[in-house]
Amino acid sequence: MADVRILTGNEAAALGVKLCRPNVVAAYPITPQSQLAEILSRYVEGGEMRAEYVRVEGEHSALTVCISASTVGARTFTATSSNGLLYMHEQLHWAAGSRLPVVMCVVNRGVGAPWSIFNDQQDSLAQRDTGWIQLYCRDNQEIIDTIIQAYWIAESLYIPVMVCYDGFVLSHTMMPVDIPDAEEVRGFLPPYKAHTLLTPEAPRTINSVLFPWRRLNPEGVLCDGYMEMRYKLQAAMTRAHGVIRKANDDFAGVFGRDHGGLVWKYRCEDAELVFSGMGSIANEATVAADLLREEGIPAGVAGVRTYRPFPREEAAEALRGAKALVVLQKGLSYGYEGCLTSDLKAALYGTPLLIPVVDVVAGLGGRDVKAREIAGAGRDAWKDLQAGKLENRSLWLNCYTGEDHAG
Amino acid sequence: MDEKSVKRDLNVSALCVPAKGEAGRTGDWRDFRPVIDHKKCIPSSKNKAACFLCWLYCPEGVVKMSIPVEIDMDYCKGCGICAEECPPNAIRMVREGENDG
């Protein structure tokens with residue numbers, strides 16, 4: 001019988017982690033992640049989860065503990081937000097470069113300065129190039145399901161995975177969540193097998209200096225240089241497309257819920273005006289698409305669930321019939337445009353789709369975005385299209401951008 | 001899924017087995033080489049297992065605790081710590097390409 005409970009995103013995440021049976025959890029509390037770290041520590045303290053909870057003095061150490069534990073064969077978990085994630089930055093590269101399948105929840109929050117505790121996605125977007133897989137969740141059901149898939153993906157590829165979900169909008173908002181059965185999760189997710197185990201019986205040094213060239217070791221074996229090691233990470237990321245899709249499909253087969261793999265589509269089949277986005281704002285865009293459909297505008301949503309590796313083919317396929325694209329995003333590359341806008345434009349390069357793209361920066365630092373406001377941005381793009389205006393443009397939704405703010 | 005090829009790769013993380021010469025012939029890095037005056041060196045001159053501070057302080061482990069004391073020049077990087085620590089100043093650092101003098 002289904003076990004449906006009304007849960008916050010953080011509660012759903014904690015249950016998801018527990019179902020995955022990690023051996024080591026290390027986390028440092030930060031709003032809006034704190035509740036997740038607290039629940040996990042309670043599980044460990046109360047004996048509900050047979051894991052070591054390592055209390056650390058900061059996020060850099062939290063991830064370092066996970067890296068070390070993963071190296072000796074433990075399944076590990078950590079979670080953070082915002083400046084805590086930025087403080088981990090060095091170790092993010094280290095986890096990916098060591099090919100350790102750490103799973104981490106990033107409860108998305110705007111970064112300082114100025115301080116904000118509220119939601120946007122600049123924190124995880126700024127970690128785009130660290131070699132982690134990034135998955136973005138739309139609702140609390142997707143959080144619990146994605147965590148289970150994340151371990152499967154990470155341990156199949158030996159690449160760490162970030163499960164990103166919006167702070168407060170999801171982390172502190174209650175929704176009905178269907179809890180997967182523990183035995184079924186056990187069947188879906190086998191125990192972690194490390195690619196290499198560091199043990200006292202077989203001492204080795206890990207990640208010592210590699211020189212620019214390949215080299216013969218003292219036994220005469222030709223070993224990878226730095227560049228080969230980095231190539232293997234990129235090759236595994238390329239292979240990740242299929243692995244993420246398989247995790248999604250196998251999970252759907254067992255648990256009956258399909259979250260779309262890399263790109264999910266809403267009323268996309270005949271859509272000419274397509275919204276894209278990641279996380280809860282893309283979910284909001286489905287309501288906007290419905291509003292526009294009522295006005296006769298053929299709108300749909302192509303939501304990006306997997307941001308890295310970037311689903312170039314799936315995105316281009318989802319946009320096949322589009323005549324205009326409106327990209328909603330809670331983070332940007334300062335001096336250029338929204339990160340997702342750049343990636344989607346690049347995905348369209350080399351296809352026949354030379355459509356106008358509207359780059360919409362929205363919801364920074366928790367600025368509210370309503371479905372009718374997203375619909376408004378879509379309606380404007382549609383009117384431009386009807387008037388034959390086909391140029392790309394950028395706008396900051398719900399933001400005062402008057403002359404006196406022009407820099 | 002191409003899982004098998006990942007499993008076959010024994011070097012998914014960059015691993016080294018601790019072994020002599022794992023990082024190549026690091027003696028090539030040297031600008032100055034240690035030259036021992038065995039008449040001043042305590043274990044060499046007294047023919048007794050004594051002192052060996054050069055062996056203790058060498059960060060590369062290339063000094064042999066022997067009589068006479070020997071340094072493995074294939075891997076000595078020429079840091080000069082042995083010369084700095086030697087109580088009777090029996091070790092001099094000589095620029096490579098110049099005679100021991």
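Student: How are residues, chains and ligands labelled, and what pLDDT limits apply?
Tutor: Residues are numbered from 1 along each chain as its sequence is written, while chains are lettered from A and ligands numbered from 1 in the order in which they are written. Local features of this predicted model need pLDDT of at least 70, totals for chains, interfaces and linings use all residues, and side-chain atom pairs count only at pLDDT 80 or more.

Student: How many helices and strands are there in chain A, and what is its radius of gyration?
Tutor: Chain A has 13 helices and 18 strands, where helices (H or I, at least four residues) and strands (E, at least two) are DSSP runs numbered from the N terminus. The globule rule (2.2 Å times the number of residues to the power 0.38, with the radius taken over C-alpha atoms) gives 22 Å for 407 residues, so chain A is as compact as a globular protein of that length, its radius of gyration being 22 Å.

Student: What box do the C-alpha atoms of chain A fill?
Tutor: The box is taken along the principal axes of chain A. Its dimensions are roughly 75 × 55 × 45 Å.

Student: Is chain B more spread out or as compact as a globule, judged by its radius of gyration?
Tutor: Chain B has four helices and five strands, in the order α-β-β-α-α-β-β-α-β from the N terminus. Its C-alpha trace spans about 70 × 30 × 15 Å along the principal axes. The radius of gyration of chain B is 19 Å, well over the 13 Å that the globule rule gives for 101 residues, so chain B is more spread out than a compact globule.

Student: How far apart are the C-alpha centres of domain 1 and domain 2 of chain A?
Tutor: Chain A is divided into domain 1 (3–188) and domain 2 (265–405), with bounds from an automatic or database domain assignment. The C-alpha centres of these two domains of chain A lie 28 Å apart.

Student: Which element of chain A gives the most to the side of domain 1 that touches domain 2?
Tutor: In chain A, 24 residues of domain 1 are in contact with 19 residues of domain 2, contact meaning that C-beta atoms placed from the backbone lie within 7 Å. Helix 6 (122–125), strand 6 (133–136) and strand 7 (161–166) of chain A each supply at least two residues of that side of domain 1. With four residues, the element that gives the most is strand 6 of chain A.

Student: Which element gives the most to the side of chain A that touches chain B?
Tutor: Here 23 residues of chain A are in contact with 17 residues of chain B. Strand 9 (205–206) and helix 9 of chain A each supply at least two residues of the side of chain A. The one that gives the most, with five residues, is helix 9 of chain A.

Student: How do the residues on the side of chain A that touches chain B divide by class?
Tutor: Ala, Val, Leu, Ile, Met, Phe, Trp, Tyr, Cys and Pro count as nonpolar, Asp, Glu, Lys and Arg as charged, and the others, Gly among them, as polar. On that basis, the side of chain A that touches chain B has eight nonpolar, nine polar and six charged residues.

Student: What is the orientation of helix 7 of chain A to helix 9 of chain A?
Tutor: The axes of helix 7 (residues 140–157) and helix 9 (residues 226–255) of chain A come within 9 Å and cross at roughly 135 degrees. Axes are lines fitted to C-alpha atoms, for helices over the stretch in contact, and angles run from 0 to 180 degrees between N-to-C directions. Angles under 35 degrees count as roughly parallel, over 145 as roughly antiparallel, 65 to 115 as roughly perpendicular and the rest as oblique. Helix 7 and helix 9 of chain A are therefore oblique.

Student: How do the residues of the contact of helix 7 with helix 9 of chain A divide?
Tutor: Residues of the contact include A:Trp152 of helix 7 and A:Phe251 of helix 9 of chain A. The residues of this contact of helix 7 with helix 9 of chain A divide into 11 nonpolar, three polar and two charged.

Student: Where is A:Pro309 found?
Tutor: A cis peptide bond joins A:Arg308 and A:Pro309, with omega about 0 degrees. A:Pro309 is in the loop between strand 15 (306–308) and helix 11 (312–318) of chain A.

Key: Two residues are in contact if their C-beta atoms, placed from the backbone, lie within 7 Å.
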